[in-house]
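Here is a briefing on a protein chain and its ligand. Please read it with the sequence and the model open side by side.

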Amino acid sequence: MKLAVVEGDGIGKEVIPEAVKVLDALSLPIEKVPVEIGYGKWKKTGYAITDEDIETLKNCDCILFGAVTTPPDPEYKSVLLTIRKELDMYANIRPVKPLAGITGVTGKSDFNYVIVRENTEGLYSGIEEIHDDVAYTTRVVSRKGSKRIAEYACKLAKMRNNNVTIVHKSNVMKSDKLFLDVCQQTAESGDVNYSDTLVDAMAYYLITYPEKYDVVVTTNLFGDILSDMSAAHIGSMGLMPSANIGEEHAFFEPVHGSAPDIAGEKIANPVAAILSIKMLLQWYGYNNEASLVERSVNYTLNKGIKTPDLGGEYTTEELGQAVIDSINSQ
Ligand code: NAI
Ligand code: MG
């Protein structure tokens with residue numbers, strides 16, 4: 001497997017090296033290809049990402065990505081949106097699962113759901129018009145786009161508790177009627193149990209009764225919001241991994257950004273980056289290694305080895321090393 005490694009900016013440069021060390025500890029046949037992308041590159045060259053970088057990413061099987069700082073340029077086009085579109089990674093996956101010894105602000109600990117967010121269309125279509133007194137953003141929901149995300153959600157549900165919740169706002173938006181219909185048909189023909197919920201009510205249910213959900217499938221903007229909101233169950237921005245998956249490429253990244261407020265202090269939590277490695281391993285079929293990484297993270301946190309965002313005093317490297325020690329001891 002060929003893996004592109006993009007550290008990016010800020011704490012990306014601190015947490016990705018720890019994730020790579022964890023990967024190295026597993027001694028798998030994975031070739032790593034470093035790629036420089038982000039604000040640092042923009043400052044040096046005027047480009048945050050080049051066509052050549054995109055080609056390099058396309059030539060790899062998958063990508064491990066830290067985070068990039070948004071350059072202060074009104075003409076700047078999001079690096080992440082560019083990569084997602086160019087590599088057609090249509091499914092954004094965020095598992096929401098408690099970690100040992102950590103409780104989020106909701107105080108809940110009996111949840112285990114996954115948000116499957118459509119990643120290429122919806123309100124992030126990029127089709128926009130700005131005039132003096134009015135601006136438009138076109139919300140695009142296609143049958144093809146809805147079908148492939150619905151199929152992904154159903155496939156995932158089959159490997160879990162066979163339950164999909166379709167989240168939409170079809171009472172107000174016709175585009176979501178199409179999304180809902182396609183998701184329902186897909187679940188029905190795949191023999192997957194399903195129900196549907198309006199997105200505003202879902203925000204309340206997901207915070208109040210997270211234990212009721214298995215796979216939650218939704219459109220781009222709703223998925224973006226519900227998945228950040230779900231971080232409230234987990235405990236820190238530094239704990240949540242994510243994956244962007246397409247037919248040919250996959251991209252794994254911590255949910256957090258470059259955190260300029262703590263960058264350089266060596267206190268960033270590397271767990272989200274390390275759990276992104278777990279998702280990468282799972283995607284590729286290294287299931288035993290994926291479980292080993294997850295177990296080791298839980299063991300380490302449960303022992304109280306925590307960075308300051310979790311109330312601990314350990315550094316990024318110390319937490320990373322403790323996870324590796326736990327891997328090596330099993
Ligand atoms: P952020 O996620 O970087 O930081 C939000 C807060 O969470 C900060 O207080 C930060 O210190 C804390 N935090 C984040 N990750 C942490 C970790 N691993 N350990 C401990 N604490 C952590 O979001 P913010 O401040 O809105 O954005 C900063 C920059 O990152 C911006 O330029 C933004 O555009 C970019 N960004 C990039 C993303 C990406 O590349 N995927 C995603 C989100 C933001
Ligand atoms: Mg977001």
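Asp191 sits in the loop between H6 and strand S9 (193-198). This is a predicted model, and in it Asp191 has a positive phi of about 60 degrees although it is not a glycine.

**Helix H6 and Lys177**

- Helix H6 covers residues 174-189, and Lys177 lies in it.
- Is Lys177 buried, exposed or partly exposed? Lys177 has 15 other C-beta atoms within 10 Å, so it counts as partly exposed.
- The cut-offs explain that class: buried needs 20 or more such atoms, and exposed means 12 or fewer.
- Between Lys177 and Ala67 there are 35 Å in space, C-alpha to C-alpha, and the two are 110 residues apart in sequence.

**Helix H1 and the residue after it**

- Helix H1 spans residues 12-25, which makes 14 residues.
- From its first C-alpha to its last, H1 reaches 20 Å, close to the 20 Å expected at 1.5 Å a residue.
- Which residues of H1 are buried? They are Gly12, Glu14, Val15, Ile16, Glu18, Ala19, Val20, Val22 and Leu23.
- An α-helix has 3.6 residues a turn, so residues three or four places apart point the same way.
- Among the buried residues of H1 are Val15, Ala19 and Leu23.
- The buried set also includes two glutamates, Glu14 and Glu18.
- Ser27 follows H1, and its phi is positive, near 50 degrees.

**The loop between S12 and H9**

- Asn269 is placed in the loop between S12 and H9.
- Ala259 is not a glycine, yet its phi is positive, about 40 degrees.
- Ala259 counts as buried because it has 22 C-beta neighbours inside 10 Å, where 20 or more are needed.
- Asn269 counts as buried because it has 30 C-beta neighbours inside 10 Å.
- What does Asn269 touch beyond its neighbours within four places in sequence? Its contacts are Ser236, Gly238, Leu239, Thr307, Asp309 and Leu310.
- Asn269 and Gly320 are 51 residues apart along the chain, with 8.9 Å between their C-alpha atoms.

**Ligand 1**

- How many residues surround ligand 1? The shell holds 21 residues.
- The closest are Thr70, Gly238, His256, Gly257 and Asn269.
- Gly238 and Asn269, both in that closest group, are also in contact with each other.
- By class, the shell around ligand 1 has eleven nonpolar, seven polar and three charged residues.

**Domains**

- The protein chain is divided into domain 1 (1-89 + 236-330) and domain 2 (103-234).
- Domain 1 is therefore built from two separate stretches of the chain.
- The C-alpha centres of domain 1 and domain 2 lie 24 Å apart.
- Ten residues from domain 1 and four residues from domain 2 make the contact.
- On the domain 1 side, the residues that touch domain 2 are five nonpolar, two polar and three charged.

**Database annotation**

- UniProt, in an unreviewed entry, lists residues 2-323 as "domain: Isopropylmalate dehydrogenase-like".
- In the model, the end C-alpha atoms of residues 2-323 lie 24 Å apart.
- That span is 41% helix and 19% strand.

Terms used. Residues are numbered from 1 along each chain as its sequence is written. Chains are lettered from A and ligands numbered from 1 in the order in which they are written. This is a predicted model: local features need pLDDT of at least 70, side-chain atom pairs count only at pLDDT 80 or more; totals for chains, interfaces and linings use all residues. Two residues are in contact if their C-beta atoms, placed from the backbone, lie within 7 Å. Ala, Val, Leu, Ile, Met, Phe, Trp, Tyr, Cys and Pro count as nonpolar, Asp, Glu, Lys and Arg as charged, and the others, Gly among them, as polar. A residue is near a molecule or strand if its C-beta atom, placed from the backbone, lies within 6 Å of it. UniProt positions are given in the numbering used here, feature names are shortened, and annotations may be inferred rather than shown by experiment. Helices (H or I, at least four residues) and strands (E, at least two) are DSSP runs, numbered from the N terminus. The expected span of a helix is 1.5 Å times one less than its number of residues.
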